[in-house]
Amino acid sequence: MTFARESLMCAAPMATILPSPPKIGMVSLGCPKNLVDSERILTKLRADGYAMSPDYAGADVVLVNTCGFLDSAKEESLEAIGEAMAENGRVIVTGCMGKEAETIRARFPNVLAITGAHQYEDVVGAVYDAAPMPPSAFLNLVPERDLKLTPRHYSYLKISEGCNHRCSFCIIPSLRGDLVSRRPDAILREAEKLIAAGTKELLVISQDTSAYGVDIKHQPRPWKGEDVRAHMTDLSRELGKLGAWVRLHYVYPYPHVDHVIPLMAEGLVLPYLDIPFQHASRPVLRAMKRPANEAKILDRIRNWRVIEPDIAIRSTFVVGFPGETEDDFKYLMDWLEEARLDRVGAFRFEPVEGAAANDLPDPVREEIKEERYARLMELTARISAEKLQAKIGRTLDVIIDEVDEEGGATGRSKADAPEIDGTVLLRDAEGLKQGDIVRVEIEDADEHDLFGVPVGG
Ligand code: SF4
């Protein structure tokens, strides 16, 4: 019988013409926590078969993930929505400003949809409505790993959402609700996956990292044959065992933070703590509704430095908070002189709509805020310069963020978080690539950065 054979020979392979999937553009504003939300939204959309557009022109719909922390951040969010409307016109707004849908609608009546922070299903649903996926079994592809907006060699790892504190200048709890912690095994699994995909540095984030697990009563979960509690110390230790750098951000100074310092000395966690102290003067801290135990904190910092002499402490402060007197400010300056923090960021107080602090008496005049801000920045820049000078001649581990074509590279030591801290600028760095961790001899320093040369292969 030749029929079957003929049939086989004549059957030309059928080409399947796939419909093009809709393309999504994303503008992500605000803090790293928002960036993680953007990654989650994009991961879900990618898993549903959507494609990504790197520009406005190619996008079928643009998502703007907004920040509403400060009034200036809100204005930036509104500007970003305006730009997306002008450049593309098909815009979905999500994130913290979703709570202010009326303000957004008043300025941009034609936005397609507005959803709030963490309403992943609502955002994704709005995309389905605005840019429906053409029916095709081939388009619903599940990507091998989550999409990331950061470079491959470092990743933010969100361990909880929301906050149980009620700092009077902050509206995050009203935007994001009370603390909700993730399960430790789920966090560790995600960390392991990120490391397998090339992450060398995990940046642990939340609104309040040291409160991790309080809401779920630190309930343990099995992980690799052992029970791991939903607790900052246990989680940090287990993350440290995975072999990547582990950096802790947004740590509220509870007493149990002391237990993490030995993990730094053991090399499991980077000797780095990001603790937003906000102020040092007791009356101001009380008005902020923050713990007022600044003297004890100085003692604790001293002890931390005994256990781990290389610990780098980063913090932020608010100047010009309502009721802040010159004496309060001088107290803060003296405290900073004594604490000798490694990295300091400062904000001039600005009222945020809905924050309790707006109703406090004795607002500080703008020119006084400016003058205090300048004094604080001058002091902390001097301390930073002195601390960096002391590193000249030492050899430090540096992770490479970028290499240039002239044989130089930019990296960070264990004391530098990406985007917010200083860098280490390398000469004679030929052959290095992004994500390499190398030994670098420090040759020079300025107020914020170090300069060095790789040593020893
Ligand atoms: S701890 Fe942080 S997130 Fe929580 S209320 Fe205070 S400033 Fe806001």
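In what order do the 5 strands of the open sheet stand?

## The parallel sheet

The order is E2-E1-E3-E4-E5, and the pairing is parallel. Strands here are DSSP runs of at least two residues (E), helices are runs of at least four (H or I), and both are numbered from the N terminus; two strands count as paired if DSSP finds at least two bridges between them. Strand E2 (51-52) and strand E5 (113-114) sit at the edges with a single partner strand each, so one side of each has no neighbour in the sheet. E5 pairs with strand E4 (residues 91-95) in the parallel sense over 2 bridges, with Ile92 opposite Ala113.

## About the model

This is a predicted model, in which local features need pLDDT of at least 70 and side-chain atom pairs count only at pLDDT 80 or more, while totals for chains, interfaces and linings use all residues. Residues are numbered from 1 along each chain as its sequence is written.

## Overall build

The chain holds 13 helices and 20 strands. Its radius of gyration is 25 Å, close to the 23 Å that the globule rule gives for 457 residues, so the chain is as compact as a globular protein of that length. That radius is taken over C-alpha atoms, and the rule is 2.2 Å times the number of residues to the power 0.38. Along its principal axes, the C-alpha trace spans about 100 × 60 × 50 Å.

## The core

Buried residues make up 41% of the 457; buried means 20 or more other C-beta atoms within 10 Å of the residue's own, with C-beta atoms placed from the backbone. The largest nonpolar core has 109 residues, and Val93, Leu157 and Leu202 touch the most other members. Strand E14 (residues 312-319) gives the largest share of this core, 5 residues. Such a core is a set of buried Ala, Val, Leu, Ile, Met, Phe, Trp, Tyr and Cys residues joined through C-beta atoms within 7 Å.

Leaving out residues up to four places away in sequence, Leu157 touches Ile187, Glu190, Ala191, Leu202, Leu203, Val204 and Ile205. Contact means C-beta atoms, placed from the backbone, within 7 Å.

Strand E20 (residues 450-454) has two partners to look at. With strand E18 (residues 424-426), E20 pairs in the parallel sense over 3 bridges, and Leu425 has Phe451 as its bridge partner. With strand E19 (residues 437-445), the pairing is antiparallel over 5 bridges, and Val440 stands opposite Pro454. E19 and E20 form a hairpin with 4 residues between them.

Note on methods
Buried ≥ 20, exposed ≤ 12 C-beta atoms within 10 Å, placed from the backbone. Contact = placed C-beta atoms within 7 Å.
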